[in-house]
Amino acid sequence: MAASSRAQVLDLYRAMLRESKHFSAYNYRMYAVRRIRDAFRENKSVKDPAEIQALVNKAKRDLEIIRRQVHIGQLYSTDKLIIENQEKPRT
């Protein structure tokens with residue numbers, strides 16, 4: 001993978017993770033993070049530049065979908081789940 005496309009893919013990966021962490025609902029948030037990580041790991045070994053570009057384009061569309069869903073989710077507030085309210089243990 002060329003250095004520029006590698007950087008582009010990493011930026012896209014980080015942007016998707018960062019944006020998905022803004023989901024207000026815990027279950028959506030955790031599902032999105034898990035799905036993004038799995039999808040990028042699954043396609044880690046792709047070498048064909050045309051296929052890489054197709055995957056990058058799909059990821060860009062998915063990022064826009066995530067942004068829209070986050071915005072819609074923020075319009076409807078929900079209470080936090082018990083699992084979200086737990087404090088992390090101090091070490």
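The largest nonpolar core of this predicted model comprises 16 residues, a nonpolar core being a set of buried Ala, Val, Leu, Ile, Met, Phe, Trp, Tyr and Cys residues joined through side-chain atoms within 4.5 Å. Buried denotes a relative accessible area under 20%, exposed over 50%, and partly exposed in between (1.4 Å probe, protein chains only). The residues with the most contacts inside this core are Leu12, Met16, Phe23, Ile36, Val56, Leu63 and Ile66. Two or more core residues are given by each of helix H1 (3-20), helix H2 (26-42) and H3, where helices are DSSP runs (H or I, at least four residues) numbered from the N terminus. H3 contributes the largest share, six residues. In soluble globular proteins, nonpolar side chains tend to be buried together.

Residues are numbered from 1 along each chain as its sequence is written. In this predicted model, local features need pLDDT of at least 70 and side-chain atom pairs count only at pLDDT 80 or more, whereas totals for chains, interfaces and linings use all residues, and side-chain values use heavy atoms, with hydrogens and water left out.

Helix H3 spans residues 49-75, a run of 27 residues. From first to last C-alpha, H3 reaches 39 Å, close to the expected 39 Å, which is calculated as 1.5 Å times one less than the number of residues. The buried residues of H3 are Ile52, Val56, Ala59, Leu63, Ile66 and Val70. An α-helix has 3.6 residues a turn, so residues three or four places apart point the same way. Within H3, Ile52 is buried because its relative accessible area is 10%. The C-alpha atoms of Ile52 and Val9 are 8.9 Å apart in space, although 43 residues separate them in sequence.

Contacts (heavy atoms within 4.5 Å) were examined for two residues. Beyond residues up to four places away in sequence, Leu63 touches Leu12, Ala15, Met16 and Glu19. Ser20, in helix H1, is buried, with a relative accessible area of 0%. Leaving aside neighbours within four places in sequence, Ser20 is in contact with Arg29, Ala32, Val33, Ile36 and Ile66.

The largest pocket has a volume of about 880 Å³. A pocket is an open set of points on a 1 Å grid over the protein atoms alone, with protein on both sides within 12 Å along at least five of seven lines, and its lining residues have an atom within 4 Å of a point. Of the 29 lining residues, Met16, Ile36, Ala39, Phe40 and Ala59 are the closest to the centre of the pocket. At least two lining residues are supplied by each of H1, H2 and H3.

Conventions: On a 1 Å grid over the protein atoms alone, a cavity is a set of points where a 1.4 Å probe fits but cannot get out, and a pocket is an open set with protein on both sides within 12 Å along at least five of seven lines; lining residues have an atom within 4 Å of a point. Grid points are joined across faces, edges and corners, and a volume is the space filled by probe spheres set on the points.
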